[in-house]
Amino acid sequence: MRTVCSISGACARVLAALAVTFTACGDDAGTTATASAGTPTTAPTTLPPLTAGTTDDTAGTTDQGTGTASDTGSPTTSTGPAPTTTGNDSSGIKLDLGQPDFPSDPTADTDAAKGCTAVDLLFVIDNSASMGKHQEDLSAVFPDFVDAIIAALPPGTDLHVGMTTTSFYDGSCSESTVNCVSQSSEQQILQHYVAPPATTGENGGQGRLFEWQGQHYFSLNTDDDPAALKAWFTAAATAAGETGCSFEMPAAAAGWAADPATAPTNAGFIRDAGAVLVVFVLTDEPDKSPEPVSQWVDKLAAAKQECGGIDCILASGLVPSFCYDNAGDATLKTFLESFSAPPFTGNIDGDPSDYAMVVGDALAGVIQEKCEEIEPPG
């Protein structure tokens, strides 16, 4: 059990052994399996694997899965990085509200605070069938997250918020998984993967930012009224819809979002020096991004060279716990665990309170701590 310090400075212990009903992997789940959700600490970590059904995206039929977790010990994800201060205290997230490290010399110049000047939030949203409810739940908790991150970051921090989808193909998509492994051949997967600079014409597809109300991303200074950002994203997240291809490729989408090939829509979204990049994945299916995972990580790191590469990138998400902890679905887990701190994740099939725990004060605190580690530009 870890102690969470809220943005206001109050500390509370999250004591819960949540029992949740997990929907089986697949876009049109036919059956569900019920299991104990484990014991979340500061926010839900990825939960123990379940024996769950898997479905065909189009037929809605179910085959029972018997997969086992790749790890038998404690979850490999965490609710945030360990404190960056020296010493052995790793009992919880350290939130010191972005205060600069002042020198011992009282006459020294303390005007220049250490820390990032910008945060870029990239939401990778699954837009295949079955995602409507999950998109709505994310939209419902997003306004509170905005309030939390504004409270956590130093005044004057510049935020960019954008989203892309998991689809790389516009047309007929019929795909199924068993034990979180796609039943399609490598050739079939590649046939549903159209890489930039070629375009499928889908709004938000192939790593291109989703355009909503004439904007590909929303820019906000933390000193500004956040109401417009809240309205823009909550509408955009549900507007992504459920018409995307069932060959979901979130890792590839995140990687291409940082590639020059998508610059016509994405230019200016990701900043380099002095900026934290947060990749947040919302998906209820295993990731079919073509391997190797390293190519998607490398694309993101290349966009952050001046800042420090992967040291300036955080990963988070709401994902299917059974698939995430299943050895057959290594792509998404490997991708999210490739950055500067253990990924901050929760179960997509949990109830809305689970969403609020992941997309809330605790995640804002993780971003705040990373922001404090980064040197400002110049």
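1. Helix α1 passes helix α3 in a right-handed crossing, where right-handed means that the near helix is turned clockwise from the far one by less than a right angle, and left-handed anticlockwise. The model is predicted; local features need pLDDT of at least 70 and side-chain atom pairs pLDDT 80 or more, whereas totals for chains, interfaces and linings use all residues. Residues are numbered from 1 along each chain as its sequence is written, and side-chain values use heavy atoms, with hydrogens and water left out.

2. The axes of α1 and α3 (residues 227–239) lie 8 Å apart, at an angle of about 160 degrees; axes are lines fitted to C-alpha atoms, for helices over the stretch in contact, and angles run from 0 to 180 degrees between N-to-C directions. The two helices α1 and α3 are therefore roughly antiparallel (over 145 degrees; under 35 counts as roughly parallel). Helices are DSSP runs of H or I with at least four residues, numbered from the N terminus.

3. On the α1 side, the residues in contact (heavy atoms within 4.5 Å) include Leu138, Phe142 and Val146, and on the α3 side they include Leu229, Phe233 and Ala237. By class, this contact of α1 with α3 comprises seven nonpolar, four polar and three charged residues. Here Ala, Val, Leu, Ile, Met, Phe, Trp, Tyr, Cys and Pro count as nonpolar, Asp, Glu, Lys and Arg as charged, and the others, Gly among them, as polar.

4. With α10 (residues 361–373), α1 (residues 132–152) also makes a right-handed crossing. Their axes come within 8 Å and cross at roughly 35 degrees. Phe145, Ala148, Ile149 and Ala152 of α1 meet a set in α10 that includes Leu363, Ala364 and Ile367. Seven nonpolar, one polar and one charged residues form the contact of α1 with α10.

5. The largest nonpolar core holds 49 residues, and Phe123, Phe233 and Ile367 have the most contacts inside it. Such a core is a set of buried Ala, Val, Leu, Ile, Met, Phe, Trp, Tyr and Cys residues joined through side-chain atoms within 4.5 Å, buried being under 20% relative accessible area with a 1.4 Å probe, protein chains only. Helix α1 gives the most to this core, nine residues. Among the residues that Ile367 touches, not counting those up to four places away in sequence, are Phe145, Ile149 and Leu314.

6. Helix α4 (residues 250–257) packs against α6 (residues 294–302) at about 25 degrees, with axes 8 Å apart. That makes α4 roughly parallel to α6. The crossing of α4 and α6 is left-handed.

Notes. Parallel < 35°, antiparallel > 145°, perpendicular 65-115°, else oblique. Buried < 20%, exposed > 50% of the residue type's maximum accessible area, 1.4 Å probe, protein only.
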